[in-house]
Amino acid sequence: LVDGAGGAGGLGHLVRATGALVAGNAADIATMRSLIAEVSAADVAPVDRLGRGVHLLLAFGEVALGDVNSSVGHLVRAGGGAALEHLMIVDRALGHELLVAQAVSEEDLESATAWQQLLESRADHRAAQPVVLRCRARIATLVGDYAAAEAAALEAITLARLDDRRIEVAEGEVVLARARLLANKVPAATRSLRDAVVAGDSTGHLAVRHAATQLLRPARRRLPPVSGSGRDSLSPRERDIAL
């Protein structure tokens, strides 16, 4: 449907930005980067819902594959500043989670806590609750409180699952697994990630596999192959055993 709605101008840029989001979540890196480069070159002005939507879609497309730093620029342009006041509540919450994630990745506790405080004001809003909990888990992981991180991530997953927010369920699983890995609960982290990857594969949400692979690599754990991928998915040793 989106492919048939292209064209020039703002609507065309919105369509291509949507394509970038879809490609990001499908782990189609080449297509995502091509579309993002094309739309970014147009330098759409974020002066209305359409223009802001373009930048928001680009931000969420990039972050689907873990490119947090690149997505922040588009996010802030869409939101009109650090408070993200031009965005709807759920997008504002997801945007601040992106900023928390960036700060945590840089081990900047002060900034992560500041972004979290902006989120906490929406902790009672149903759309924002799973986001707030994931951010609590991220910060708890940063300070080494892995038990609190695990509890918050599990609650976030439960709430997201109640509303069938599958991408947020998967994000919660990644946050949970990171906390468990750091707490040396490697088997538990591997099992939950494998389940999340199988669910993502079944719906085309291959960004889950991409994130899980990166997370498990230092622990020397592997994911199950993509269903139907045949011999190509096996390691040389696995092929020998199969034969």
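Helix H10 gives the most to the lining of the second largest pocket, with 7 residues. The structure is a predicted model, in which local features need pLDDT of at least 70, side-chain atom pairs count only at pLDDT 80 or more, and totals for chains, interfaces and linings use all residues. Residues are numbered from 1 along each chain as its sequence is written, and side-chain values use heavy atoms, with hydrogens and water left out.

The second largest pocket has a volume of about 250 Å³. Of its 15 lining residues, Arg166, Val169, Ala196, Ala199 and Gly200 are the closest to the centre. Two or more lining residues come from each of H9 and H10 (186-203). By class, this lining holds 5 nonpolar, 5 polar and 5 charged residues. A pocket is an open set of points on a 1 Å grid over the protein atoms alone, where a 1.4 Å probe fits, with protein on both sides within 12 Å along at least five of seven lines; lining residues have an atom within 4 Å of a point. Volume is the space filled by probe spheres set on the points, which are joined across faces, edges and corners. Helices are DSSP runs (H or I, at least four residues), numbered from the N terminus. Ala, Val, Leu, Ile, Met, Phe, Trp, Tyr, Cys and Pro count as nonpolar, Asp, Glu, Lys and Arg as charged, and the others, Gly among them, as polar.

The largest pocket has a volume of about 1300 Å³. It is lined by 39 residues, and the closest to its centre are Val63, Gly66, Arg138, Glu171 and Val174. H9 supplies the largest share of this lining, 9 residues. The lining of the largest pocket has 25 nonpolar, 8 polar and 6 charged residues.

The largest nonpolar core has 14 residues. Such a core is a set of buried Ala, Val, Leu, Ile, Met, Phe, Trp, Tyr and Cys residues joined through side-chain atoms within 4.5 Å. Buried means under 20% relative accessible area (1.4 Å probe, protein chains only). Leu181, Leu193 and Leu215 have the most contacts inside this core. H9, H10 and H11 each supply at least two of its residues. H10 provides the largest share, 5 residues. Beyond four places in sequence, Leu181 is in contact (heavy atoms within 4.5 Å) with Val186, Ala189, Leu215, Leu216 and Ala219.

Glu173 lies in helix H9. Glu173 is buried, because its relative accessible area is 10%. Leaving out residues up to four places away in sequence, Glu173 touches Ile157, Arg161, Ser192, Leu193 and Ala196.

Technical notes: Buried means under 20% relative accessible area, exposed over 50%, partly exposed in between (1.4 Å probe, protein chains only).
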